[in-house]
Amino acid sequence: MKYASAEVRKQFFIDMFTRDISLEDCVLDLIDNSVDAYLLKHETSISELVFGPDGNPAAHELGKIDVTCTERQIKVVDTCGGILRKRAMGEVFCFGHDEDDQVGKLGAYGVGMKRALFKIGNHFHIVSRTPQEGFEVTFKLDEWADRKEWNIPITFIEGAGSEKKAGTSITVTELHDEVALRIKEGGVPKNILEDASTTYPYFLGQCVRLRINDTDVNPEPIKLGELDGVLRAAHEKFVQDRVVVTLAATVAPGQRKAEDAGWYILCNGRVVVHADKTNLTGWSNDLASFQPKYRSFVGIASFESEDPLNLPWTTTKRDLNRESGVFIRARALMATMSKPILTFLNSQYSGDTTVEVADIRDAVGGVKEVSFKDIAAKPTTGFLYSPPKRKEKKTEWVRFQADVSSLDKVRRRLRRPNMGAGDIGKLTLSHYVKTECAE
Amino acid sequence: MSAVSSSYRVQYDVRPAKQVERRMLVDALQRLAAAGFPVADYQYTGFGAIYFVDFILFHKSLGMSKLVSLEQQTSLTSRMKFNRPFSCVEIKMVPASSEIPNLSRDAHHFVWLDYDGVLQKDFLSDIQSAITVLPAGSILLVTVDVEPPEDYDYRAVDPDFDSSKEVLGPKHWKRYFEYHAPSYLKLGLSDADFGKSELILRSSEILNAAFTKSIVARPELHFLPMFNFAYKDSHSMLTMGGMIAGRAEKRQLRGSNIGETVYYRDDFGSPPFEIKIPRLTRKERVYLDREMPCADGWVPGDFHLDPEDVLHYRDIYRFLPAFAEISL
């Protein structure tokens, strides 16, 4: 038996590996690593972050993540606990996780950091310290690509000495020309800031504090709404393939922009798909195509698993694997939950001006913010709209055009030439009721 | 004058074929009950309109007492409430798409989406919703009109269609179905495949695809075909349905004797059970009934009846209502 070569060529690997991900998503991948280190260190549960009690300050000090993005370097420094030497030696720089590796929450495939580094630049300097031990790695991609071996030089250094100082610093310099050009073009730090605020609403302020070029990133929460006794959010929950899926769909509170409407999909708390209105989440297929009249629609689909590989996300964490069984089931439920909401929102624009239409518009306008946690704590249910019970009317408008000559006759009879038409109307009705109606 | 005598025509308001279908469903559900399905505890959700014929039948014959009638024509509210036959019938003025997600996941359901129109995308979407949420053991039934789409149906596809300039034909009907069910149609269909007589087959294929596609989201369950009726009182109609079943329900269904009936269809690939009602006088029916169930090839000796009609009658005589005029 002879064997043909089927080896992976490094340069091909590097070129192919980095092609389908944006610069911004690469930086988010590095942030994921920092967040994951914090979650691992503090054994933080994703459920606690997404569905935990409101206003409960984190039991541990927030991890700090500082991102610097300039034409010369991209740097991510955190105080999220650092990486153990053992993992650095056998796991962190490998492509793909080992079966026995300590699994994180946001790193599914074991490619994010490496792909980000390769995409961004040529020179890498990584320093990581736990309280007890540390390591340092410096290498250049072009030199590494020329070498046959698939390993990198590592130096052991001292630990940080305290929990507070423990963390990792990743600095990429000698940025690739196209990366430097994009940063020079402007907008990249702002994009990263905006993407981070919508990607980590369940982490920012709860377990980490993130800054991009010295600017704090504030979480952009996904707002859900209900109206007591009138509007109830749809909620579904199921477990499949060791993934816990929690779904909520409803009308969002406040004035809404069309770009905020749609489905938000979380994988272990990280927003993977943001305000989706495409056929990924059933629009234009199982549902109608999105139109501005649906701008108040909002839905969250949370997929949570101890093993991130079971989650339906792709390696870029910006899309979903449509062949995933758990996503196929969730998608069917998402469509089922959405339809009554779209029908309801549609009915606001009914041609008639009946009381029912006015009630629906009032309900949409009066929706109050409610947390995902509160919706998820209730039994599963479909979307429900119960029109408010109307109070019996005590008064009603009477409006009509009257002949000026008739009004003048009344004015002359009453000797009040300046009497207003409204007052004449009231007087004549009152007179009729008194003189002609028995009760 | 018509070539067919009025004696053979249907009296539209009483709809005998539809009633045979309902009674066959009662028969089927009684057989399921005998096999251990808790049919009396099932919730029936249907479109009772102002007559509630199915609700009355299922309550009286099967003991179902959780009954929900859906209606989206709000102008019918007072008439529906006035005509509500029993206190256990709940009337909800909402479309099926709003109610299906609210159906209890802890109860068995019998849901009959008894549409009176030609297949459209909303129906398929309701089927998907129902199969997505109904618990195992529940039965879903869907009825659609299989006559060609009419002008007002077609205007959803082409708002500029002008019936004074063009007459609808297979080319338009193909466009209609492609518009409403693009991902449910087989590939490679031509205009000729949408001729009037083909529409029942196309509708059947689409409904079958909708059942199959929808159950994929629930890998632990199957959609087991049970019913495939074709009938015509005024319009040609098609009813298809079956059970959402796990292993236990599948076993239980196999253990029932429903498979012995003439109307049971466990494969949507085979032709539907056609409810054909020979037009007979009361006297003829009494005569025939005395010989039922008759042997193959038997024909009445005292009057001529086509042997095919005898066979049709043998299939449906137990379920055929006898209508009579009463003075109130």
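Let's start with the overall shape of chain A. A compact globule of 439 residues would have a radius of gyration near 22 Å, yet chain A comes out at 31 Å. Keep in mind, please, that this is a predicted model. If you look along the principal axes, the C-alpha trace of chain A spans about 115 × 50 × 40 Å.

What is chain A built from? You can find 13 helices and 17 strands in it. Of its 439 residues, 39% are buried. Now take the contacts in chain A between residues at least 6 apart in sequence: 73% of them join residues at least 24 apart.

Next, the inside. As a general point, nonpolar side chains in soluble globular proteins tend to be buried together. Here, the largest nonpolar core has 106 residues, and the members that touch the most others are Val27(A), Ile31(A), Leu224(A) and Ala248(A). Domain 1 (10-216) and domain 2 (224-385) of chain A each give at least three residues to this core. Let's pick out Ile31(A). Which residues does Ile31(A) touch, leaving aside those up to four places away in sequence? They are Ile65(A), Val67(A), Val76(A), Ala196(A) and Leu210(A).

Where they meet, domain 1 of chain B brings nine residues to the contact and domain 2 of chain B brings six. Which element gives the most on the domain 1 side? That is helix H1 of chain B, residues 16-34, with six residues. On this side of domain 1 of chain B, the residues divide into six nonpolar, one polar and two charged.

Finally, let's see how the two chains meet. Chain B has 17 residues in contact with 18 residues of chain A. On the chain B side, helix H4 (96-99) and helix H5 (121-133) each supply at least two residues. H5(B) gives the most to that side, with five residues. And what kinds of residues does chain B bring to this contact with chain A? They divide into seven nonpolar, eight polar and two charged.

Key: Residues numbered from 1 in each chain as written. Chains lettered and ligands numbered in written order. Predicted model: local features only at pLDDT ≥ 70, side-chain atom pairs only at ≥ 80, totals over all residues. Contact = placed C-beta atoms within 7 Å. Helix = DSSP H or I, 4+ residues; strand = E, 2+ residues; numbered from the N terminus. Nonpolar A, V, L, I, M, F, W, Y, C, P; charged D, E, K, R; others polar. Rg over C-alpha atoms; globule rule 2.2 N^0.38 Å. Buried ≥ 20, exposed ≤ 12 C-beta atoms within 10 Å, placed from the backbone. Core = buried A, V, L, I, M, F, W, Y, C linked by C-beta atoms within 7 Å. Domains from an automatic or database assignment.
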